[in-house]
Amino acid sequence: MYKKLCLLLLSGIAFVPATQAQLLKKLGEAANSVATKTGTSNVTQGEAGNAIKEALAKGVANGIANLNKTDGFFGNDLYKVLLPPDAVKIGNTLRSVGLGSQVDKAILSINRAAEKAVGYAAPIFVDAIKEMSITDALKLISGGNNSATEYFKGKTTDKLKAAFSPVVKNSLDSTNATKYYGDIVTAYNKLPTTFNKANPDLQDYVTGMAVNALFDQIAKEEANIRANPAARTTDLLKKVFGSSNASSSSTK
């Protein structure tokens, strides 16, 4: 039942560190931890719970594959990480005095850090998916296009950010983003026109941006599974989401 999902999870991970391959595989296994599929036409709570977890796992796997590569963030207008809101003035001021190249270097390195960091997101999301209760599964199945994602997001965002933050810090350091960002903050604070010294928290900001990008990818995958029969690549997804759509149509 989950063979195709596991293959999906293992595809497109050339940019993911080799040690993470097994962790990506566990995303698929997380979807198979509650109940066994039955041969009846009715959708049980166990099947609904597994289908929700499977859809979330597919979204995470696709999100990691799409973002954990060169220009996954930097080359994407939707996800490109610019300077933190509190640092926009820093960037504009430095550009006005001919230091735009330093700003550009900082932004590029920040995006490279985000691209690298999401490659290590798998185990964090694995744990979150496993901990997800199935008591709300049935109403999530019949909910809106991204109801499962929103539920998952509401229940796990703070924990995910806390767990992901050290990974982001390591990525920021390894890509020299911390140094380049520190350079532009220092240059700005040294300007004679700067009266209020600035030092926005880069680590928390990039962590939030990376987690939000992954959730956006999950939401898109969930919406696709709900709307597009071809996206239901396992028997369980076909049964549960197909049944949900049929039920929704019959009540209109």
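The chain of this predicted model averages a pLDDT (the predictor's confidence in each residue, from 0 to 100) of 79, and 77% of the residues score at least 70. Confidence is lowest in helix H1 (residues 3-10), with a mean of 40, and highest in helix H5 (residues 100-117), at 95; helices are DSSP runs of H or I of at least four residues, numbered from the N terminus. Over residues 30-41 pLDDT stays under 50, and the model has 28 contacts (heavy atoms within 4.5 Å) beyond four places in sequence for them. Residues 248-252 also stay under 50, with zero such contacts. Local features need pLDDT of at least 70 and side-chain atom pairs 80 or more, whereas totals for chains, interfaces and linings use all residues. Residues are numbered from 1 along each chain as its sequence is written, and side-chain values use heavy atoms, with hydrogens and water left out.

The largest pocket has a volume of about 230 Å³. A pocket is an open set of points on a 1 Å grid over the protein atoms alone, where a 1.4 Å probe fits, with protein on both sides within 12 Å along at least five of seven lines; lining residues have an atom within 4 Å of a point. The volume is the space filled by probe spheres set on the points, which are joined across faces, edges and corners. Thirteen residues line this pocket, with Ala128, Glu131, Lys155, Thr156 and Lys159 nearest its centre. Helices H6 (122-131) and H8 (147-174) each supply at least two lining residues, and H8 gives the most, with seven.

Helix H10 (residues 202-227) has 26 residues. At its start, a side-chain oxygen of Asp201 reaches to within 3.1 Å of the backbone nitrogen of Gln203.

Notes:
Expected span 1.5 Å × (residues − 1). Polar contact = N/O pair within 3.5 Å; in protein donor to acceptor, adjacent residues only side chain to side chain.
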